[in-house]
Number of protein chains: 2
Amino acid sequence: MPDHQNDRDQPFVRTVMDVPRIQIIGITGIPEIGSGDPLADIILRAARVQGTPLESGDVLVVTQKVVSKAEGRVVDVTSIEPSAFASRIAGPSGRDPRLVELVIRESRSIVRMDVERGIIITETAHGFVCANAGIDTSNVPGDGLVCLLPEDPDRSARTIRSRLQADLPDSPPAVVISDTFGRAWRDGHVNFAIGVAGMDPIVDYRGTADAHGYVLKVTAIAVADELASAAELVLAKADKVPVAIVRGYRYPPGPGGAAGLLRDRSTDLFR
Amino acid sequence: MPDHQNDRDQPFVRTVMDVPRIQIIGITGIPEIGSGDPLADIILRAARVQGTPLESGDVLVVTQKVVSKAEGRVVDVTSIEPSAFASRIAGPSGRDPRLVELVIRESRSIVRMDVERGIIITETAHGFVCANAGIDTSNVPGDGLVCLLPEDPDRSARTIRSRLQADLPDSPPAVVISDTFGRAWRDGHVNFAIGVAGMDPIVDYRGTADAHGYVLKVTAIAVADELASAAELVLAKADKVPVAIVRGYRYPPGPGGAAGLLRDRSTDLFR
């Protein structure tokens, strides 16, 4: 007979017959989100309405755009006065200098530029390295409106999780805020975690034994990024499904913080 | 009444009440794999034994290491004669010069080196940019044995898929070979697709309309990488669960090929 108490104490030990199984459930029926909307309440309700209420042990993955909209991080580009620098680097590619100005304002350093192709890879104020400081022009209703990243996505994640705690007081779901970024060396975008609450973003297997009794030396897995990528598989790009539940993944509990996913500048060979 | 025929023709259109749901199922009971073992047969059998036989529409994600072992891509480091260059760059960090020699032999260019810290990021013969040419020293039974990447992971994926086709002739599952790599800018490793068969590795949303009727300009999603990351969440690092089924994801059928995930050198700002 399996010892369930023991299972709980040792989350990474499985018996042979225990089939690991995770579900990813998209949450439908979430309306267009506006500034000040109670996002966590809307998500909780939509999950209940579709018959998949949130449970303890879930990870709730929320895409950046609905978080930014709820937090009022929408800017009218036509209100922006571009600097001379923004105008100069926008010129060769014909990009909108006001949008380039916004990109610069949201960044703390420029990592790479290709002015001919209109590519600007920056480090955002939070420390994320991505194109255009994560500013997004799609799925924002209204001409000229663009969406900035949340000011503090970890705080956004914690705020959502606090509201979930009202419904699930003993063990509210972990929360991951996700966004779609490009990568070095590889084509296509994938979803990354930009805000994390209630779980460690990285599981460190260093020091654990492999199947042959040897100690694993280097494998630290960025599980928060993998959860964001997994959730993307059920998210509709057309933004009708901006939130997903990952159910059955035994995440490492912890305070969270997406900073744990950022490589230290001094050890990064690709700055 | 839903029009199911229409649903099949338009895989990305969902009705409001249709809850998107994906399952990730780890396959347990796979024994230690040796050179020449019929990997696909072993996987098919293990999936049946645990009560989750493969189905049409599944994506089968297989970790590189069992593929490499089945293909005999295991090398005894003690048999390698290091070149003068390998010995020189191994010196400052105290790494094994024979292992460094193997890394160089498996690479077509060195992208970054930090000899003090013993870090070598190369482009492999296949075009993947990763540390140590993807050579892995963990989970290989026997002192001095290390595991190279498959010679042609796309061929490995196609070979596995052909065997699945014997059981599911009309529509065999898509196959993704995955491996764990580090990333620029971010700490921790995640799983990437290094071999793909039966599906397009990227879904291109360019030209489709967003929720507000605007046309999405740039979003191409590397779904094969996201599937690899999703599968990693059920894989036990100790290698007892080296294979997973992703069920319920409507992937874009296609011939496959991980080359579609590799950014062209000439447009890559991080070489």
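Reader: Which residues meet in the salt bridge between A:Arg183 and its partner, and how do I read it?

Author: Look for a side-chain nitrogen of Lys or Arg within 4 Å of a carboxyl oxygen of Asp or Glu. In this predicted model, the side chain of A:Arg183 meets that of B:Asp225, with 2.8 Å from N to O.

Reader: How do I read the size of the interface between the chains?

Author: The size of an interface is often given as the accessible area lost when the parts come together. Here, the area buried between chain A and chain B is about 7,100 Å², and carbon and sulfur atoms give 58% of that. Three residues, A:Trp185, A:Arg186 and A:Leu233, supply 13% of the area that chain A buries against chain B, more than any other three residues.

Reader: How many residues of each chain are in contact?

Author: In chain A there are 81, and they are in contact with 80 residues of chain B. Polar contacts can be listed too: 34 residue pairs across the interface are found, both residues at pLDDT 80 or more. Which element gives the most to the side of chain A that touches chain B? That is H7(A), with seven residues. By class, this side of chain A has 41 nonpolar, 18 polar and 22 charged residues.

Reader: What do strands do at the interface?

Author: Follow E1 in both chains. E1(A) and E1(B) pair in the antiparallel sense over five bridges. As one detail to find in the viewer, A:Ile25 stands opposite B:Arg21 in E1(B).

Reader: Now inside one chain: why does the pair A:Asp41 and A:Arg163 tie parts together?

Author: Start with the distance, then ask where each residue sits. The closest N and O atoms of A:Asp41 and A:Arg163 are 2.4 Å apart, in a salt bridge. A:Asp41 lies in helix H2 and A:Arg163 in helix H6 of chain A, so the pair ties together parts that are 122 residues apart in sequence. A:Asp41 is partly exposed, at 31% relative accessible area, and A:Arg163 is partly exposed as well, at 27%.

Reader: Which residues are linked in a network of salt bridges?

Author: A:Arg108, A:Glu123, A:Arg265, A:Asp268 and A:Arg271 are linked in this way.

Technical notes:
Residues are numbered from 1 along each chain as its sequence is written. Chains are lettered from A and ligands numbered from 1 in the order in which they are written. This is a predicted model: local features need pLDDT of at least 70, side-chain atom pairs count only at pLDDT 80 or more; totals for chains, interfaces and linings use all residues. Side-chain values use heavy atoms; hydrogens and water are left out. Helices (H or I, at least four residues) and strands (E, at least two) are DSSP runs, numbered from the N terminus. Buried means under 20% relative accessible area, exposed over 50%, partly exposed in between (1.4 Å probe, protein chains only). Contact means heavy atoms within 4.5 Å. Buried area is the accessible area (1.4 Å probe) that two parts lose on being put together, summed over both. A polar contact is a pair of N or O atoms within 3.5 Å; within protein, one must be able to donate a hydrogen and the other to accept it, and residues adjacent in sequence count only if both atoms are side-chain atoms. Ala, Val, Leu, Ile, Met, Phe, Trp, Tyr, Cys and Pro count as nonpolar, Asp, Glu, Lys and Arg as charged, and the others, Gly among them, as polar. Two strands pair if DSSP finds at least two bridges between them.
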